[in-house]
Amino acid sequence: MTSDVLSRPAPPPDLVVSYGSGPDRVADVRLPRRPAGPAPLVMFLHGGFWRAAFDRVHTGPLATALAAAGFAVCVPEYRRTGQRGGGWPGTFDDVATAVDVLPSRVREAAGAGLVSDEPVLLAGHSAGGHLALWAAARHRLPPDSGWHVQGPRFRGVVALAAVSDLSACYALGLGQGAVDALLGGGPRQHPERYRAADPMLLLPLDRPVRLVHGSADDRVPAGMSHDYLSQARAAGDDAALDELPGSGHFEVIDPLSSWWPRVQAAFAELAPP
């Protein structure tokens, strides 16, 4: 399996919904064709090491497949490093606003009864997995943080090949210094930023987490998910990891991969369609 999923065409989204001003504060929405009832809403955050070179378009095949399986899928764009306002703190501002604002806007735009009023399932791939885990952990931030929310708001998180440990990401130099670009330096230089942005430092999440990671991932090592799993369980969270033997980094977002049924099962477990 190659990374051809990054450029594979997909049907256009059913809706494009705005969550603020500017070209990057929008989200693609795909809806199930024949829903048996209100569809569970998945908020999927795309990867690409938080860099401007990667946008939400490459999630089209995944979002289309999840919609065909009965989910309503919302994929927000957000400002990324290399763009004006991207990185610290703009990327986090956008993600926080997106997950707060978009659920109601998607339900309104989709029409009455099409999207469930149940809590949203957060999900993401790679750097988007980091953002999903972070967004779900905002109740762990100090009350004086502008991103703090009262109590966990989400159904849970599906984290696909997630960058779940920013300090380890920095130490390993993943993505050619991607977290250095995101946070403006390392944990010694900006300890307060890492405390506010690193999911590993914001446990317990108080919501279930399903991690899916390929054992042969050469972009984000599977050991990172193992470490997050251990820490999350030690903190009392309901966390589980499905490690896919021989899978690389992109199979987990590719509906044509032989591993896709196991990926889809993680979504169905936390948000039965």
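Trainee: Is the crossing where α2 passes α3 left-handed or right-handed?

Mentor: This is a predicted model. Here α2 and helix α3, residues 127-136, pack with their axes 10 Å apart. The angle between them is about 65°. The crossing of α2 past α3 is right-handed.

Trainee: Which residues in α3 meet α2?

Mentor: Start on the α2 side. Thr-91, Phe-92, Val-95, Ala-96 and Val-99 make the contact there. Their partners in α3 are His-130, Leu-131, Trp-134 and Ala-135.

Trainee: How many residues of the contact of α2 with α3 are nonpolar, and how many are charged?

Mentor: Sort the contact of α2 with α3 by class. Two residues are polar. The rest of the tally is seven nonpolar and no charged residues.

Trainee: How many residues of α3 are buried?

Mentor: Buried means under 20% relative accessible area. Among those in α3 that pass are Gly-128, His-130 and Trp-134. The helix α3 is mostly covered, and its buried count is 10 of 10.

Trainee: At what angle do α1 and α8 cross?

Mentor: Take helix α1, residues 60-68, and helix α8, residues 260-270. Leu-62, Ala-65 and Leu-66 in α1 meet Trp-260, Gln-264 and Phe-267 in α8. Their crossing is right-handed. The axes come within 11 Å, and the angle is roughly 65°.

Trainee: How many residues in the contact of α1 with α8 are polar?

Mentor: Again, sort by class. Five residues of this contact are nonpolar and none is charged. The polar count is one.

Trainee: Why does Cys-74 count as buried?

Mentor: The cut-off for buried is under 20% relative accessible area. Cys-169 is buried too, at 1%. Cys-74 counts as buried because its relative accessibility is 0%.

Trainee: How many disulfides are there?

Mentor: A disulfide needs two cysteine sulfur atoms within 2.5 Å. By this rule, the count is zero.

Methods. Residues numbered from 1 in each chain as written. Predicted model: local features only at pLDDT ≥ 70, side-chain atom pairs only at ≥ 80, totals over all residues. Heavy atoms only, no water. Axes fitted to C-alpha atoms, helices over the stretch in contact; angles between N-to-C directions. Helix = DSSP H or I, 4+ residues; strand = E, 2+ residues; numbered from the N terminus. Left-handed = near helix turned anticlockwise from the far one by under 90°. Contact = heavy atoms within 4.5 Å. Nonpolar A, V, L, I, M, F, W, Y, C, P; charged D, E, K, R; others polar. Buried < 20%, exposed > 50% of the residue type's maximum accessible area, 1.4 Å probe, protein only.
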